[in-house]
Every structure is written in structure tokens, then in C-alpha cells.
Amino acid sequence: MDNHDQKTRIMTIDLEPDLGSRECKSIHSVVPRLLDFCDHHKIKATFFTVTSLLEKYESEIKEIAKKHEIASHSHTHHALNPVNARWEIENSRRVLKEYSLTAFGFRAPMFITTKDHLQLVKDAGYSYDASFARYLPTRYQNLTLPGKPFVKEGIVEFPTPNFTYPILNSGLPYLKAFHPLSKAFPKPYLFYLHPWEFLERDHLKGNTFLTRNCGERAWSIFEKYIERCGGKWINCKRWMEEEKSKEKR
Ligand SMILES: [Zn+2]
């Protein structure tokens, strides 16, 4: 017997400019391989997409949309603040619509939100949000945040769970940074990653925490993690649909 279970989990991928750059090299040098990887492992993901990328990469993003969900990761990837938040949230959804893509969900850049965040997300017409994390390095801790989806102000929130409570968010950056210790990390309901994590370190301008075990090392760590998790990986929209059909039963 292996240790796989049949649990359903959510895969989220933040499609944004490469770390420390305005460029998005990863969209050509990583995303095609990532799409093959998802096919191979039967993963249907939500791609939270920085919508300013549509101007240059429309065909690439539409290619992703054939099999995966496209949601919003703001328009410019600037941290939300009381001045820009409404515009980033509303405008990115409008831009997606202009490209015939309907976004149901939003994720704030760097998990930074304003006090009225869920209200803004609701006003813009989204049905879910995935912007809350219990722990943000050097910023704040939100220890009372649930580790599972919940509904607030009419919006379904998919909070980022932790590998180790109450810190270490369940994303590839932490899996890579704490490798090989991270082999013992638990398997949370939601996972996130960025395509730029698979670029070789020389292409990335960022702190050593984020650039540790990038490139081929990242592929190997990610693949082993997916194999260890087993179960079924779906996107946020599909998760909501499955929850609704459970309620009806
Ligand atoms: Zn981001």
C-alpha cells in the first residue's frame, strides 16, 4: 500500500512577471512544460493572472484557458492599498472580459489586502476570493484565520493554509526553501506556485529564500510532492461546483 489518499485538493498558479523583473520569460520557457505537467498528473488549476500581461501574451493565456481556469491576480501586481485596491480589483475583471475571459475569483498580489477587501471583490462581481494568508513574513500574522474555505460577506474565501501552523504557507516557495526537511510537510487542501520558480536562479532577482532550489530542482521537488499527495487536483471554480452539488444531495 502507498500513502496516497483520494482527497480532492486545489491547485493555484499565480501568472505574473518574473521575480524582480518586468518581463515574463517564464510564460514561454516554463508555462508550456507546466501545462504538460498538469496534463500528465491530471491537474486542473486556477491561474490567477496579472491582467496587464494580456496585452503581450493574449494567445499564451488563451491557450492556458482551454484546460484551466483563469482568474484575476490584479491588473499590475502592485500591492493593494486604499488608493489602488478598487481599481485593481475591478479593472482586472473588466480587462479579462474584454478578452472574452470571465473571472470568478480574485487573489491579491503578495496576499496583501485592504480592510474592505471582500466588499470590493463582491462589488466587482467576483464570487470567490483567495487573498488571505495566516502568516506573511515580516508583515503580520492573522492567527484566527480558518485553514479551510469559508463564506464571508457573500464571497467564498479560499484562505491559504499552512504547512506548519501557524506559519509557512502552503506554496512551492516554502516547499523549495525548506527542502529536504519539507518532505515531511503535510498535504493541505490548497497549494500555490509561480511559473518563475522554475526559471534558473540566474534569471531571478530576489532574496535567497525565494530563489533557493529554483530551476530543475524546483521541478523535481514539485513532482515528488504531487506524487506524494496523490488524490485529485482541481481548480477553485470546480471546487465550488462540487460543494454545491454536495449540498443538493
Ligand atoms: Zn503574485
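Two strands are said to pair if DSSP finds at least two bridges between them, and strand S2 (residues 45-49) pairs with S3 in the parallel sense over four bridges. The model is predicted, and local features need pLDDT of at least 70, side-chain atom pairs count only at pLDDT 80 or more, while totals for chains, interfaces and linings use all residues. Residues are numbered from 1 along each chain as its sequence is written.

- Helices (H or I, at least four residues) and strands (E, at least two) are DSSP runs, numbered from the N terminus.
- Phe 48 stands opposite Ala 71 in S3.
- Strand S3 (residues 69-72) is covered on both faces, with Glu 69 and Ala 71 buried on one side and Ile 70 and Ser 72 buried on the other.
- A residue is buried if 20 or more other C-beta atoms, placed from the backbone, lie within 10 Å of its own, exposed if 12 or fewer, and partly exposed in between.

**Helix H3**
- Leu 54, Ile 61 and Ile 64 are buried in H3, and because they cover an arc of only 70° around the axis (taken from the directions from the helix axis to the C-beta atoms), they lie on the same side of H3.
- Glu 58 and Ser 59, on the other side of H3, are exposed.
- The cover over the buried residues of H3 includes helix H2 (31-40), S2, S3 and helix H4 (85-98).

**Contacts of Cys 236**
- Leaving aside neighbours within four places in sequence, Cys 236 is in contact (C-beta atoms, placed from the backbone, within 7 Å) with residues including Ile 10, Glu 69, Ala 71 and Phe 158.

Key. Contact = placed C-beta atoms within 7 Å.
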